[in-house]
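Open your viewer and get ready to click through a few residues. We will go one stop at a time.

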Amino acid sequence: MATQLRGDFIADVMQILGMFPIFSGENEFTEAEVGKAVDQAVEMYEKSFPQIVVEDETGDDGRFYALTDLASWEDGFSDIEAIDYNAATRVSSDESPNFLSKDNGDWGFYQDASVKYLDLKTRKPSSGTTFRVYYTARHTLTEATSTIDRIHELAITYLSVAKSAAMMMIRIEKGIDPPAGQMFVTMRNKSSGFKGIFDQYMGFYYEETGGKDGDQTSQVFREFDLKPVIGGQYIFHSGSLR
């Protein structure tokens, strides 16, 4: 469960960065710029750790269902992780899931001239049949709500600091045009300093998220030759399957 909203991330980043009175005019670095850095951090984070949305759909006696019917679906970003077929009474009847297999040809995608569809190739569910779709979507981070997992909130803060440092490097470079003697050297050193901050906090980000390759926890690896029926890859811990 999320504990921090957008304003909380901005406050945490500003506490780390402090104030920068050297920036003024078009190079000014304010709370608004920190907010942009937070937004950029979320956009980068969600590509590796998207929100997983679970949504129930009802059949219409056909096999094609427009993906735009999924409330949080975004073409070019979202993907279906799993489909549990005839799932309306899973919990109430203590039933095991009936996951369809894309690899075995149970479902796929179909694109016409303007719409992309989920194609339930082997089934035509009636109006009394519910199929549960697990799919990826962008995260939401506003002043009122957040879908960022609590375990990764610190990672978002670190990544936001790195994004802020990258913005500051650009402002420093703009501030040394045209270069002038000792001032040029001093400003160039500051730019290099922000590069060090960027690298350091990117490292902190990868530590929090399990490494630069995107592994979710320490001491794990993914087996890309194997794929569970619910999508994704198997993750192994010291010889154990999770």
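Before the first stop, one term: a residue is called buried when its relative accessible area is under 20%. Keep in mind, too, that this is a predicted model.

**First stop: Asp84.** Select Asp84, which lies in strand E3 (residues 80-85). Is Asp84 buried or exposed? Its relative accessibility is 2%, so Asp84 counts as buried. Now show side chains: that of Asp84 makes a polar contact with the side chain of Arg90, at 2.9 Å. A polar atom of the Asp84 side chain also lies 2.8 Å from the backbone nitrogen of Asn98. Beyond its neighbours within four places in sequence, Asp84 is in contact with several residues, including Pro97, Phe99, Thr130 and Tyr134.

**Next: Ser164.** Move to helix H3 (residues 153-175), where Ser164 is found. Ser164 counts as buried because its relative accessibility is 0%. Setting aside residues up to four places away in sequence, Ser164 touches Val13, Leu17, Phe29, Val34 and Ala37.

**Then the rings.** The whole structure holds 11 aromatic pairs. Select one of them, Phe64 and Tyr117: the pair is edge-to-face, with 6.3 Å centre to centre and 75° between the planes. Phe64 belongs to strand E2 (residues 64-66) and Tyr117 to strand E5 (residues 116-119), so the pair ties together parts 53 residues apart in sequence. Phe64 counts as partly exposed, because its relative accessibility is 36%.

**Last stop: charges over rings.** Select Lys116, which lies over the face of Phe109, 4.7 Å from the ring centre. Finish with Arg123, whose charged end sits over the ring of Tyr85, 4.9 Å from its centre.

Terms used
Residues numbered from 1 in each chain as written. Predicted model: local features only at pLDDT ≥ 70, side-chain atom pairs only at ≥ 80, totals over all residues. Heavy atoms only, no water. Helix = DSSP H or I, 4+ residues; strand = E, 2+ residues; numbered from the N terminus. Buried < 20%, exposed > 50% of the residue type's maximum accessible area, 1.4 Å probe, protein only. Contact = heavy atoms within 4.5 Å. Polar contact = N/O pair within 3.5 Å; in protein donor to acceptor, adjacent residues only side chain to side chain. Phe/Tyr/Trp six-rings, centres within 6.5 Å; stacked < 30°, edge-to-face > 60°. Lys NZ or Arg CZ within 6 Å of the ring centre and 35° of its normal.
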